[in-house]
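Please examine the sequence and the structure shown here.

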Amino acid sequence: MTGSVQDPVADVVEHVADHTAEPYWTPQRMARAVPIGLLAGLQKITALPPPVLAPGSARPAVRTGTSETGTTGTTAGATRTRQAAVMPPVTTSGTHWAAGGSVTRTTGRVFLTMNGVDFVCSASAVRSANRDVVVTAGHCVKDGSGVWAENWTFVPGYDQGRQPYGAFPARRMFVAGPWSRSGNDDYDVGMVAVDDQDGRHLTDVVGGQPLGFDTPQGRRTYGFGFPADPPYDGERLLYCAGVPHGDPQGQTRDQGLRCDLTAGASGGPWLSGFDPGSGRGTLTSVSSFKYSNDQRTMYGPYFGSAVRDLFRGAEQA
């Protein structure tokens with residue numbers, strides 16, 4: 001399936017993030033945070049329900065949440081080891097990403113609070129004019145027509161508790177009007193401009209993936225994230241890869257990707273034109289929801305003019 005999708009509405013709602021005097025996210029709070037659900041209409045859930053009621057459940061929607069191998073040879077009596085990178089599968093419904101590259105730095109976990117509950121999501125740093133923009137799911141920024149997230153912090157390159165590039169708290173948050181007013185899944189995208197670290201901007205530290213808008217559909221796509229519901233624990237970067245298809249339920253304009261990742265992967269980047277060797281691609285969607293009658297397919301919104309408007313606002317913040 002090719003062609004672009006027209007957005008009937010392209011308005012933006014923004015929010016100035018609150019800052020606390022002391023850092024909120026201690027290692028203990030991060031460890032206790034629960035995965036935010038993969039919610040939305042028509043009985044959409046994750047493979048297993050989250051341990052607490054996820055934001056958005058009041059809506060008529062139910063969200064549920066390089067490796068290397070060595071080869072040896074001998075030349076003139078000397079033994080030498082050659083390291084050969086193992087290329088990751090180009091089609092998978094869920095595999096640990098061990099090939100390194102840019103995606104391991106630009107992708108990270110988001111820690112946030114909604115309605116007094118601490119949650120985790122996934123997100124990606126992207127190239128932008130202000131060098132500070134993070135892209136994630138709308139429900140990882142604002143609870144549809146409900147509250148904005150508090151204590152929102154992005155940890156790029158997260159790996160089993162390690163934060164090699166530090167943490168970047170939110171400065172300003174942006175969602176599309178249809179998401180803010182009604183939790184419309186076609187617009188489940190959030191963008192956040194984050195604070196710098198002593199003058200160093202986010203993409204100065206980790207780089208950023210380029211964003212793509214109005215791109216042809218049906219191209220091979222790699223979806224990344226940190227799933228935290230069983231059988232996963234949110235501690236390592238995983239990915240799915242395949243060719244997306246339209247929504248057979250006809251409920252959204254989203255694309256579906258065969259993917260076993262669970263809650264916690266919400267907001268993780270979908271990269272098309274992806275090069276496994278460099279870990280670079282074009283970010284064309286984010287993980288948004290699953291249907292209860294098809295728990296092996298992840299859906300992500302199409303990036304059209306409304307998402308372009310979000311980005312323009314965020315990169316000027």
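The sections below describe these topics in turn.

The structure is a predicted model. Strand β19 covers residues 294-300 and pairs with strand β15, residues 255-258, in the antiparallel sense. Strand β18, residues 289-291, also runs antiparallel to β19. Between β18 and β19 there are 2 residues, and these two strands form a hairpin. The table lists both pairings of β19.

| Strand paired with β19 | Bridges | Example of a bridge |
|---|---|---|
| β15 (residues 255-258) | 4 bridges | Q255 with G300 |
| β18 (residues 289-291) | 2 bridges | F289 with Y299 |

The next topic is the nonpolar cores. The largest nonpolar core holds 67 residues, and those that touch the most other members are L112, V135, W152, M191, L211, F224 and F303. Strand β10, residues 168-176, supplies the largest share of this core, with 6 residues. Another core, of 8 residues, lies apart from the largest one and includes C240, C259, L261 and A265. In soluble globular proteins, nonpolar side chains tend to be buried together.

When neighbours within four places in sequence are left aside, the contacts of F303 include V135, L211, L283 and V286. Among its other contacts under this condition are G212, D214, T284 and S285.

The last topic is a loop residue. A33 lies in the loop between α1 (27-32) and β2 (34-35). Is A33 buried or exposed? A33 has a relative accessible area of 12% and is therefore buried, the cut-off being under 20%. Not counting residues up to four places away in sequence, A33 touches W25, F111, D118, F119 and V120.

Conventions
Residues numbered from 1 in each chain as written. Predicted model: local features only at pLDDT ≥ 70, side-chain atom pairs only at ≥ 80, totals over all residues. Heavy atoms only, no water. Pairing = 2+ DSSP bridges. Core = buried A, V, L, I, M, F, W, Y, C linked by side-chain atoms within 4.5 Å. Buried < 20%, exposed > 50% of the residue type's maximum accessible area, 1.4 Å probe, protein only. Contact = heavy atoms within 4.5 Å.
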